[in-house]
Amino acid sequence: MLRIAVCDTAPTKVERLAGYLDIWSHERRITTQLMSFRSGEEIFFEMEISGDFAVVFTGTELSGMNGIETARGIRRLNRLTGIVFIAENTQYLKEMMQVYPAQFVLGNVTRRKVFETMDRFWQERHYLQDDFSFRFNHRSYIIDLWEVLYFASEGRVVEILLETGRRYKVYARLDTVEKNLSSRRICFIRIHQSYLVNSRHIEQYHRRMVRLKNSDVLPVSRKRRKEVVGLYREAAF
């Protein structure tokens, strides 16, 4: 599900934009959750409760902090969130361009502009395929796969460890996660029934274990040793 936020102090603009986004999601057959706000503070409160947004449409002049400050704050929380500025003119264009990367809907909000913006976002997301979206305990998350050290299965829960030290959890089977990641540009290697490892973070490989760049040592199961050697060699070149 694609979580989208629309933030502006003009109710008619918000309603029009939300309507176009709803039509876009139906025509593209993409499940979305659309939420409307009047201030950046409201967005941050919602993110604290329910998690990340995939895309945030924001006006430049809001109640409380302005749209540019809001966008910068969102980026600090998650750099993968798509930012789209809604502006009547180019008055704040220089400041908006400093929030990179970002898209712009200048002038009147039209169906064509909204569709072009969302199509561009969707195409870039699927071309890069570097993010991993999931929900856990009613919160939504978007993480960068390049930062993932490994996925570890703990019963019905998969724990995700990032190179920053942050940990996340998701209700899933590791087999399902492995299948979902099989078409990505990043090579994840199944070294054990309980571990799916990002090949770019393997520092040393031994027959019975791998050592990661953060010094974690994970076991390699006997039945996967031959397969792991081949995959690791392919990923190294």
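In the predicted model described here, three strands form an open antiparallel sheet in the order S13-S14-S15, where strands are DSSP runs of E with at least two residues, helices are runs of H or I with at least four residues, both being numbered from the N terminus, and two strands pair if DSSP finds at least two bridges between them. Strand S13 (202–206) and strand S15 (217–219) each have a single partner strand and stand at the edges, so one side of each is left without a neighbour in the sheet. Neighbouring strands of this sheet are turned by 20° against each other on average, direction ignored, with axes taken as lines fitted to C-alpha atoms, for helices over the stretch in contact, and angles running from 0 to 180 degrees between N-to-C directions. Three bridges connect strand S14 (residues 209–212) with S15 in the antiparallel sense, and Met209 is placed opposite Pro219 in S15.

Residues are numbered from 1 along each chain as its sequence is written. Because the model is predicted, local features need pLDDT of at least 70 and side-chain atom pairs count only at pLDDT 80 or more, whereas totals for chains, interfaces and linings use all residues, and side-chain values use heavy atoms, with hydrogens and water left out.

Strand S1 (residues 2–7) is mostly covered, six of its six residues being buried, where buried means under 20% relative accessible area, exposed over 50% and partly exposed in between, for a 1.4 Å probe and protein chains only. In a regular strand the side chains alternate between the two faces of the sheet. From S1, Leu2, Ile4 and Val6 point one way and Arg3, Ala5 and Cys7 the other, and all are buried. S1 runs parallel to strand S2 (residues 32–37), to which six bridges join it, and Leu2 has Thr32 as its bridge partner in S2.

Val6 and Met35 are 29 residues apart in sequence, and their C-alpha atoms are 6.3 Å apart.

A nonpolar core is here a set of buried Ala, Val, Leu, Ile, Met, Phe, Trp, Tyr and Cys residues joined through side-chain atoms within 4.5 Å. The largest such core has 20 residues, and those with the most contacts inside it are Leu2, Ile4, Leu17, Leu21, Val55, Phe57 and Met118. Two or more residues are given to this core by each of S1, H1, S3, S4 and helix H5 (111–128). A second, separate core of 19 residues includes Leu162, Leu174, Phe188 and Leu196.

Most residues other than glycine have a negative phi. His138, in the loop between strand S6 (131–136) and strand S7 (139–144), has a positive phi of about 70° and counts as exposed at 68% relative accessibility. Ser215, in the loop between S14 and S15, has a positive phi of about 80° and is exposed, with a relative accessible area of 52%.
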